[in-house]
Amino acid sequence: MTDQEIFDKLISIMKKLFEGNKIFDYSQITLDSKPVENLGFTSMDLIMMSFAMEQEFHIDISGLTMSSFSTIRQVVDYIKERVSAH
């Protein structure tokens, strides 16, 4: 799975989870975007994203949440590493 494919799936997850609740300009989200600082994610948003990532990518995040990652790039790298291990 490429970085772009993972990134696109993450954007899709965000759109599903936050439809009507958060207003993002999804075209402005980049690999260097910071979930809390740039996107305004709350603790609950981060938990919901963690669960959604586990389901979408069939990985175990075990004790980590989105708050463990400073940037979207770190999330993509983490997922890529876990997905390629399967």
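**Figure 1. Lys-9 is partly exposed, with 29% relative accessible area, in this predicted model.** The side chain of Lys-9 meets that of Glu-56 in a salt bridge, with 3.3 Å from N to O. Lys-9 belongs to helix α1 and Glu-56 to helix α2, so this pair ties together parts that are 47 residues apart in sequence.

**Figure 2. A salt bridge joins the side chains of Asp-32 and Arg-73.** The distance from N to O in this pair is 3.0 Å. Asp-32 is in the loop between α1 and α2, while Arg-73 is in helix α3 (residues 72-85), so the contact ties together parts 41 residues apart in sequence. Asp-32 has a relative accessible area of 46% and is therefore partly exposed. Arg-73 is also partly exposed, at 35%.

**Figure 3. Glu-81 and Arg-82 meet through their side chains in a salt bridge.** Here the N to O distance is 2.5 Å. With 52% relative accessibility, Glu-81 counts as exposed, because the exposed class starts over 50%. Arg-82, at 27%, counts as partly exposed. How many salt bridges does the count come to? The count is four, and the pair of Glu-81 and Arg-82 is one of them.

**Figure 4. Phe-18 and Phe-41 are drawn here as an aromatic pair.** A search of the whole structure gives two aromatic pairs. In the pair of Phe-18 and Phe-41, the ring centres are 5.3 Å apart and the planes meet at 55°, so the pair is tilted. Which parts of the chain does this pair tie together? Phe-18 lies in helix α1 (residues 3-18) and Phe-41 lies in the loop between α1 and α2, so the parts joined are 23 residues apart in sequence. Both Phe-18 and Phe-41 are buried.

**Figure 5. Phe-69 and Tyr-78 form a tilted aromatic pair.** Their ring centres lie 5.3 Å apart, and the angle between the planes is 55°. Are the two residues, Phe-69 and Tyr-78, buried or exposed? Phe-69 is buried, and Tyr-78 is buried too.

**Figure 6. The charged end of Lys-15 sits over the ring of Tyr-26.** The distance from this charged end to the centre of the Tyr-26 ring is 5.4 Å.

**Figure 7. Met-44, Ile-47 and Phe-51 make up a nonpolar patch on the surface.** Together, these three residues have about 300 Å² of accessible area. Where does Met-44 lie? Met-44 is part of helix α2, which covers residues 43-57.

**Figure 8. The whole protein is shown for reference, with three helices and zero strands.** Along the sequence the pattern reads α-α-α. The C-alpha trace spans about 35 × 25 × 20 Å along its principal axes. Of the 86 residues, 36% are buried. What radius of gyration would a compact globule of 86 residues have? Such a globule would come near 12 Å, and the protein has 12 Å, so the two values agree.

Notes:
Residues are numbered from 1 along each chain as its sequence is written. This is a predicted model: local features need pLDDT of at least 70, side-chain atom pairs count only at pLDDT 80 or more; totals for chains, interfaces and linings use all residues. Side-chain values use heavy atoms; hydrogens and water are left out. Patches are made of residues with over 30% relative accessible area and no salt bridge: like charges are joined within 9 Å, nonpolar side chains (Val, Leu, Ile, Met, Phe, Trp, Tyr) within 5 Å. Accessible areas come from the Shrake-Rupley method with a 1.4 Å probe; for residues, only the protein chains shown count as cover. Helices (H or I, at least four residues) and strands (E, at least two) are DSSP runs, numbered from the N terminus. Rings of Phe, Tyr and Trp (its six-membered ring) pair if their centres lie within 6.5 Å; planes under 30 degrees apart count as stacked, over 60 as edge-to-face and the rest as tilted. Buried means under 20% relative accessible area, exposed over 50%, partly exposed in between (1.4 Å probe, protein chains only). A charge sits over a ring if NZ of Lys or CZ of Arg is within 6 Å of the ring centre and within 35 degrees of the ring normal. The radius of gyration is taken over C-alpha atoms; the globule rule is 2.2 Å times the number of residues to the power 0.38.
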